[in-house]
Amino acid sequence: MFAVACNSGGVRRNPGKTYVPDMVYSQAYDAYTKGPVEGEPTSLKPVQGTIARGHALPTHLTKNDTTQYYALKSPYKFTEQELAQGKLHYDIHCGICHGQKLDGQGPLFTSGKFAAMPANLKGENYINMPEGKMYYAIMYGKNVMGSYASQLKEHERWKVIAYIKKVQSENGGAPFTMLAEAGSGSTAVAPAPATADTAKAPGTAH
Ligand code: HEC
């Protein structure tokens with residue numbers, strides 16, 4: 001008596017045919033791996049009680065503290081590569097309204113689907129807007145513009161602002177001051193060394 005295997009007993013090495021390849025092999029980027037911006041993972045939540053790199057330290061400022069917010073200066077300087085990432089973030093999150101050229105003529109507005117004119121960031125009212133005021137607009141929105149605080153980490157918000165400031169400086173705005181010196185590393189603020197102490201969650205009992 002023999003037991004007969006389907007493919008006549010041989011070891012089957014042919015993986016077979018893929019019927020719908022675009023569903024078998026995902027075209028999208030996967031969550032928890034690399035994000036749309038080079039080198040920046042997406043959807044990664046910080047371990048509870050810790051602060052992920054690039055996120056803001058707890059701040060005492062609230063929505064009402066406009067004066068303090070407006071006076072904020074970028075804690076970072078950015079390399080050319082990071083400014084390019086800032087552009088990418090801008091194009092993804094802001095360009096739809098403010099326009100890829102920062103002129104307020106984004107496709108959502110020009111299509112007539114969005115009634116309010118987005119700020120023309122190259123216009124005289126905004127060309128020299130303090131960076132802290134821009135930061136505030138990203139944090140809390142402005143009238144019909146919503147908040148983008150949850151879409152952008154603290155470091156990314158400043159990166160977007162740096163990109164805007166750079167374009168503004170090329171269009172009659174004040175000279176650009178957020179460029180990192182060549183070879184000085186990506187940001188002015190060095191990441192904390194991963195010692196046992198800093199790895200501890202803030203607020204835990206010692
Ligand atoms: C859905 C459309 C929309 C998107 C997306 C959007 N904005 Fe706006 N934004 C507006 C509108 C409309 C105004 C004008 C609000 C007003 O003055 O009434 C505005 C105003 C602003 C202002 C001026 C704030 C002030 O205090 O006057 C800044 C700066 C700004 N936006 C930056 C951004 C940045 C940066 C992003 C992306 C992170 C962004 N916006 C995304 C619609 C948008």
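Visitor: What makes up the secondary structure of the chain?

Guide: The secondary structure comes to eight helices and zero strands, so reading along the sequence gives the pattern α-α-α-α-α-α-α-α. Helices are DSSP runs of H or I with at least four residues, strands are runs of E with at least two, and the numbering starts from the N terminus. This is a predicted model, in which local features need pLDDT of at least 70 and side-chain atom pairs count only at pLDDT 80 or more, while totals for chains, interfaces and linings use all residues. Residues are numbered from 1 along each chain as its sequence is written, and side-chain values use heavy atoms, with hydrogens and water left out.

Visitor: Which protein atoms are called donors of the iron atom of the ligand, and why?

Guide: They are NE2 of His98 and SD of Met145, which lie 2.0 to 2.1 Å from the iron atom. Donors are N, O and S atoms within 2.8 Å of the metal (3.2 Å for Na, K and Ca), so these two atoms qualify. Keep in mind that water is not among the atoms, so sites may look incomplete.

Visitor: Why is the site of the iron atom called octahedral?

Guide: The site has six donor atoms, with angles of 85 to 178° among them. Six donors count as octahedral if opposite donors are over 155 degrees apart and all others between 65 and 115; four count as square planar under those angle limits, or as tetrahedral if all angles lie between 85 and 135 degrees, and anything else is irregular. With its six donors, the iron site is placed in the octahedral class. For orientation, ideal angles at a metal are 90 or 180 degrees for six octahedral donors, and 109.5 degrees for four tetrahedral ones.

Visitor: What parts of the chain do His98 and Met145 tie together?

Guide: His98 lies in helix α4 (residues 95-98) and Met145 in the loop between α6 (131-140) and α7 (154-169), so the pair ties together parts that are 47 residues apart in sequence.

Visitor: Which residues come nearest to the ligand?

Guide: Of the 23 residues around the ligand, Cys94, Cys97, His98, Asn143 and Met145 come nearest. A residue is near a molecule or strand if one of its heavy atoms lies within 4 Å of it.

Visitor: What is the phi of Asn143?

Guide: Phi of Asn143 is near 50°, a positive value in a residue other than glycine. Most residues other than glycine have a negative phi. Leu102 also has a positive phi, near 65°; it lies in the loop between α4 and α5 (107-110) and is buried at 0%.

Visitor: Where is Cys94, and which residues is it in contact with?

Guide: Cys94 is found in the loop between α3 (80-93) and α4, and its 16% relative accessibility makes it buried. Leaving aside neighbours within four places in sequence, Cys94 is in contact with His89, Gly99 and Val160. Contact means heavy atoms within 4.5 Å.

Visitor: Why is α6 described as largely enclosed?

Guide: Eight of the 10 residues of α6 are buried, so the rest of the structure largely encloses this helix. Those buried residues, including Tyr135 and Ile138, pack against α2 (66-70) and α7. Gly141, whose phi is positive, near 75°, follows α6.

Visitor: How many of the residues of the whole chain count as buried?

Guide: Of its 206 residues, 30% count as buried.

Methods: Buried means under 20% relative accessible area, exposed over 50%, partly exposed in between (1.4 Å probe, protein chains only).
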